[in-house]
Amino acid sequence: QRIVFSGIQPTGSPHLGNFLGALDNWAKLQQKDSVTYYSVVDLHAITLPQDPKVLRQSKHDMAAALLACGVDPKQSALFEQSKVRGHSELAWIFNCITPVGWLGRMTQWKSKIEKSHTSHAQALLETSTSAGTASLKMGLFDYPVLQAADILIYKATHVPIGDDQIQHLELCRDIATLFNNNTKSKYFTKPEAISPPSTKRIMSLRDPSAKMSKSDPSDFSRINLFDEPKVIQQKISKAMTDGHKGISFDTENRPGVSNLINIYAAVTNKSVDDALKDMNGLHNSQQLKQAVSDAVISRIHPIQSEYVKLQADPSYVQQVLKEGAAKAQVTADETMEQVYKLMGLD
Ligand code: TYM
């Protein structure tokens, strides 16, 4: 039996990268012989400073977005991470066995350190310039351990994630092995990533060498799932391309154009070759941008209308989250009981 877990942070609106890289897969993985757990990972969100009011609303909006993307509460447990206490409890157990060195190697951590020297997050800026990494928050460093707990508490066998999370999943697999070795058990099995094809690795519209990201200060770098068609068109028309003639797929020399072709391929569920065939009659990047923006708009239109409906009924979304947490809690409690036993904490 397949046990699927995945999570998304409730910080800002989900963007096209989240959708194509992960959420679209979440919906597809809801099959008869599978158990699926999908979580709005609020404990991960607070590894950076959050305004409580905004966070509360963002969690709700993200849950509505996930439902709009096809997460079906009849099949999946959809819940807030902080409502199932076992996530934090198991993270603590893992903290006590995971070497600090393993976390120091995480590239997301390393890039957060770099960013903290240069960018917007004032809290990080102040601390990091005065004391190096010493004042960066423990939670931010520990983030991947909590992520391992999220996955292993349900003994997930499959984890649908985008490319940028692969290293965190590797760490999760290592922690599972470490726990088994330490407790002389075979309690945890190693989960596998379900990663979309490379066409679904969506890059920033402004800088095609960086992934499309919620934390990019420029809103023009990303297409939010709930941007109006007019805005989507505007953003794509301003996307970075190049001075070369015609349209060709060449990620090395034409990263901007190639990202647009990838986006087109991903939203139309085509291979790059088939996408290029569709573009046979197009001669310049202006025409390409028009085709891409039409394809994006029509792909996400049904999701947008569903989202509007869900937002009109907040109590339904809250009810789904409550029931989802109750369902997840049963499995989480069973796991914690076994883990405590294996550790001599029973
Ligand atoms: P988050 O919230 O950053 O992103 C959610 C999912 O979207 C994928 N993604 C992308 N895919 C393609 N192109 C992009 N430009 C792009 N940007 C983001 C991410 O890979 C992710 O799958 N740490 C996780 C949340 C998490 C989690 C977990 C995931 C917490 N616990 C356990 C899986 C299992 C995160 O920050 O995702």
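Author: Strands here are DSSP runs of E with at least two residues, numbered from the N terminus. The model is predicted.

Reader: In which strand is the place of Thr 36?

Author: By that definition, strands are counted from the N terminus. Residues 34–40 form one such run, and Thr 36 belongs to it; the strand is β2.

Reader: Is Thr 36 buried or exposed?

Author: Thr 36 touches Val 4, Leu 29, Gln 30, Gln 75, Ser 76 and Ala 77, leaving aside residues up to four places away in sequence. Its side chain also makes a polar contact of 2.7 Å with the side chain of Ser 76. A residue counts as buried under 20% relative accessible area. Thr 36 has 2%, and is therefore buried.

Reader: Which domains each give at least three residues to the shell around the ligand?

Author: The shell residues divide into 10 nonpolar, 11 polar and five charged. At least three come from each of two domains: domain 1 (2–195 + 314–343) and domain 2 (203–308).

Reader: How much of the area that the ligand exposes when taken alone does the protein bury?

Author: A polar side-chain atom of Asp 164 lies 2.5 Å from a ligand oxygen atom. Alone, the ligand exposes 720 Å², and the share buried by the protein is 96%.

Methods:
Residues are numbered from 1 along each chain as its sequence is written. This is a predicted model: local features need pLDDT of at least 70, side-chain atom pairs count only at pLDDT 80 or more; totals for chains, interfaces and linings use all residues. Side-chain values use heavy atoms; hydrogens and water are left out. A polar contact is a pair of N or O atoms within 3.5 Å; within protein, one must be able to donate a hydrogen and the other to accept it, and residues adjacent in sequence count only if both atoms are side-chain atoms. Accessible areas come from the Shrake-Rupley method with a 1.4 Å probe; for residues, only the protein chains shown count as cover. Ala, Val, Leu, Ile, Met, Phe, Trp, Tyr, Cys and Pro count as nonpolar, Asp, Glu, Lys and Arg as charged, and the others, Gly among them, as polar. Domain bounds come from an automatic or database domain assignment. Helices (H or I, at least four residues) and strands (E, at least two) are DSSP runs, numbered from the N terminus. Buried means under 20% relative accessible area, exposed over 50%, partly exposed in between (1.4 Å probe, protein chains only). Contact means heavy atoms within 4.5 Å.
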